[in-house]
Amino acid sequence: MSTDTDTVKPRRSPDKKAAAKKTAATKKAPANAGAGRKKAAARSKPVAQQVAARCEVLIIGAGFAGLGAAIRLRQQGIEDVIILERAGEVGGTWRDNTYPGAACDIPSNLYSFSFAQNPDWSRSFSGGPEILKYVHYLTDTYHLRPLIRFHENVASLSYDETRGVWRAVTGDKIFEGRSVIMAQGPLSNASLPDMPGIQTYQGHKIHSAMWDHDYDFTDKRVAVIGTGASGIQIIPELVKKAGFVKVFQRTPGWVLPRPDFQTPAWNRGLFRRFPASQDAMRKALFMFHESMALGIIWNSPLTRLIERIGKAHLRLQVKDRWLRRQLTPDFRIGCKRVLMSSDYYPALQKDNCKLITWPIARLSEKGIRTVEGIEHQFDCIVFATGFDVSHSGTPFPVSGIDGRQLNDEWSRGAQAYKSINVSGYPNLFMTFGPNSGPGHNSALVYMESQIDYAVRGIQALRDGNLKALNVKPDVQVAHNQAIQKRLAKTNWNSGCKSWYLTEDGFNATMYPGFATQFAKQMADLDLNDYELITAD
Amino acid sequence: MASIDLDKMLLKIKSTQWSLSDIDWDAPGAELITEEQWPKLKEFMADLMWIEHVGARAFAAMSKKAPNDTLKEIYSYFHAEEQRHANAEMALMKRWGMLDGDEIPEPNINLRLVIEWLDRYADEMPVYVLGTVVPMLEIALDGALCKFLLDTVDDPVCHQAFEKINDDESRHLGVGFSVMEMQGHGATYIKTVKMLAPLLDPRLLLGMASYAPLLNKMRDNIVALGLPEEKLYAAMEKFDKIGGRTADGRANPWFQIIRQHAKLVVNRSNRLYHTPVDALVRLTGHIPKRVLPAVPSWVKELTYRPAA
Ligand SMILES: Cc1cc2nc3c(=O)[nH]c(=O)nc-3n(C[C@H](O)[C@H](O)[C@H](O)COP(=O)(O)OP(=O)(O)OC[C@H]3O[C@@H](n4cnc5c(N)ncnc54)[C@H](O)[C@@H]3O)c2cc1C
Ligand SMILES: [Fe+2]
Ligand SMILES: [Fe+2]
C-alpha cells in the first residue's frame, strides 16, 4: 500500500519535482494498474481486489460537462482520465430528452462550447437531434470514446484520506482516482410524479425525458401534464398529430417569443471562413443575455419592460379574455425559468387543444379527474413534469474526510465554495454545484468556467506535487454568506415558489449575478483558499 | 370557534374530493318529481346552478388576490368545487329532463349582470370585499336554496348529490368566516379606512348595484316557489351570528357593511331600501338581451357529463 499511502500532514511548501514525476508516473498507471497493485490488493481484502481501474481524474457523466472537462484536461496534458457513464451512449440531456419539439432556448451559437464552435448550426435555436449531433462531434473529434466506461452507474463516492484517493463504486466495480469531477447533470433524473392514483391509470404513460418513439399519437386522446420548458415544446408538436390534446396547467409561466429561423447559407459560409465573425456573433448574443439578466435576476425597470413584452406577446396571440387570464403569470418575471416559444399560445387555441386549469384530484383508470368533478379520459398521458432535483441531498452518497457525509452537511441546503469545492471533500470538483445556476444565459457558458476551474485545480495538484487540495472551512462560510446576501436581493428570493428554492425558501441553486461575474469568480484559483496536503 | 388551521384545511380538501361519476345519475327515483313541481323546479335549478357559477368566478378572483399561498390554493380548489356543484346540478336537471338538448339553461337577468360585473371587475377588487360578500351569498343563496330543495324533493339521487355538495359548502363557509376574522384582526382606524376605501370606487358601486337586486330577485323567486321567505332571512341571520362571533370578526368593516345591508334586505317594511331595489329588479327585467355583451367563455365550461 505504501506507494499510494502518502502519509503526509498538511504542509505549506510543497516539495516538488521528484514527487511530481511520481505523479506523472502514476499517471500512466491505469493500463497496468491491476498488475502493479495486485499484492496490495490481496492484503487489503476484497474491496481493493475489485478495483477495475485507477486514474488521475475520474469524471462522472458523459454529458456536455463531463465531455467538456475531458477535452480541457487533455488540452492541458492531463491524459489519465476515465469517464463513468451510466447509459450506453454520450449526450446526457440531449440523449434523454428526445421528445418531439425538443430544442434549446438559448441561441445555438451560445449554447455550444467557445473552444469548439460549430459554424453549421442550421437554425438560430437548434433542435435536440442537432445538439446531440454536436455532442457526438465533440466526442469523436477529441477522441473521447476510449476514455468512457459505459453502463457504469456510480452508486457512491468515498474519499480515502490516507491514500488521498477517491473511490467510486458502480454496480459491481470500483474505480479510483486522485481527483473527481462530478458531472452527473443538474437535470438528469426524471421519474413519474407522485400523483394520487398514478398506479391506477391503465392507459399509456410517457415522461418527456424518456420518450416512447414507438407510440403512435395519430388520432389519440392525449393529456399533457405540465407547462414548463418541456411542456411548451411538446404541445405544439402533439397538436399536429393527436386527435385532441388537453393541457393541464398548475401555474402559468412567462412566455417570451422565440425568434427561431433557419441560418442562411451565406451566414454559415461566413462563419466557416471567418471564425472571428462567429466569435463576434457569440459575443453579441452573450451581451444580449447579460443585459436581460438585469431585468430577470433583479427587480429593475427592465423587469417591467420584459414583463410588458411578455404581456404584449400574450395579448397579441390570445384573443379570449378568460384564456388570457388563465395564461397570465402572477409572479414576477425571472422568479422561475422564463419560457421561450412563439408557437405555444397558438397551439393551445387549435380546435383539438384545450387548456385545463382545474386542479387535478387524482388519476383514475381511464384518465384524470379534476376538481370540477369531471373525468377527462385519455389514451395517453404525457408527463412534462420536470426533473427530480435535490436541494439538500447529493445524487448518490458522497463521504469525505473521516467519513463525513455530504448529505448530512447539506441537509439544510447545499453549500460549496465557488459552487465547485466543499471543505472536507478534497480534490472533488462539481459542475452545477450549489449556486451555479444560470437564470438567463447559456448553461454552457457557466459550465466552461467551472470546467476550467477544475482543470486549474487538478493542474495545481500536479504542479505542486500535492496529495490534496481542501478548501478551508472559513473561506467557504464567508463565500456563502456573501452569496446569500446577494441572493436576498434577487427576483428568485422575492417570495415566489420555484424549484430553485428548498422548502424553507433557501436558494442553493442560482448564482446571483451576471455570467461575467460568475466567470470572474471562477477565473482564478487562489491556493491561499485551500489547505494544501503534500505528497511525499 | 377559533380561526381554523388553513394548512390542515387544504389537506382535508384534497383528501375529500369527489366526481360526478361517483353518482349513478340513472338510478331510480327521478319519477318522484311531481308534475306540479317540475316547471318551478326547473327555474329554481337553473338559478341555483348559476349562483354556483357566480361563486366559482368570485373564488377565481380571490385566488389571484389571496394573501398567502395556502389560501391561494384553497381558493383555486373552491373555484373548481363551485363549478362541480354547477355541473352536478346540471346533471340533475338532465336527469329530470329539464335540459334543452345540450343547452346550458339561461341565467336570469340579475345573475347575468352579476356575472358580467364579476368578469370585468372582480379581479380588481381587494380580497376583503369579495371575502365578505361571498360568504354572504354562500350562506344565503347557496345554503338556503339547497335546504329548500331537500325539503321539497324526494329523489334520492338529489339527496345523494347534495350531501356531497353540502360537505363542500361547510368547508367554504369555515374558510370564509375564518378569513373574515383574519381581515378584521388588529383593526386600527387607518386599516379600517383603508379597507373601506373601495367604497369610493365606482366599479364597486356598480357591483353593489347588481348584488342588491340579485338578493331581492332571489327572494321573489323563492316566494314564487311557494316557500316561506323567512327561511332565506334565517339563513342571512346566520351570517350575522357566525361572522360576529369573535371580536376580530366584528372588527372587519366589511362584515359590518354586509350585515347592515342584510338587515335592510330582511326588513321588508323598509320602503327606503326595497322600493328602489325592487324597481331596479323590474327595470333590469326590461334590459333586452341584445345589449348585453357576449357571455364570457368560462361560462361554456359547464357540463352535465361525468366524463369528457
Ligand atoms: C429539455 C432540456 C432543455 C434544456 N435546454 C437548455 C437550453 O436551451 N439552454 C441551456 O443553457 N440549458 C438547457 N438545459 C439545461 C441542461 O441540463 C444543460 O444545458 C446541460 O445539458 C447540462 O449538461 P451536463 O453534462 O451537466 O448534464 P447532462 O447532460 O445531464 O449529463 C449528465 C450525464 O451524467 C450521467 N449520469 C448521471 N448520474 C450518473 C451516475 N450516478 N453515474 C454515472 N453517470 C451518471 C447521465 O446519464 C448523463 O449522461 C436544458 C435541459 C433540459 C432537460
Ligand atoms: Fe356551491
Ligand atoms: Fe360554496
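A polar contact is a pair of N or O atoms within 3.5 Å; within protein, one must be able to donate a hydrogen and the other to accept it, and residues adjacent in sequence count only if both atoms are side-chain atoms. This is a predicted model, in which local features need pLDDT of at least 70, side-chain atom pairs count only at pLDDT 80 or more, and totals for chains, interfaces and linings use all residues. Residues are numbered from 1 along each chain as its sequence is written, chains are lettered from A and ligands numbered from 1 in the order in which they are written, and side-chain values use heavy atoms, without hydrogens and water.

Select ligand 1 and A:Ala65: a backbone N or O atom of A:Ala65 lies 2.8 Å from an oxygen atom of the ligand.

Move to chain B and select the iron ion (ligand 3). Its donors (N, O and S atoms within 2.8 Å of the metal, or 3.2 Å for Na, K and Ca; water is not among the atoms, so sites may look incomplete) come from B:Glu82, B:Glu138, B:Glu169 and B:His172, at 1.6 to 2.7 Å. Show ligand 2 as well: B:Glu82 bridges the two iron ions, which lie 3.4 Å apart.

Now colour by accessibility, where buried means under 20% relative accessible area, exposed over 50% and partly exposed in between (1.4 Å probe, protein chains only). B:Glu138 is buried at 6%, and B:Glu169 is buried at 7%.
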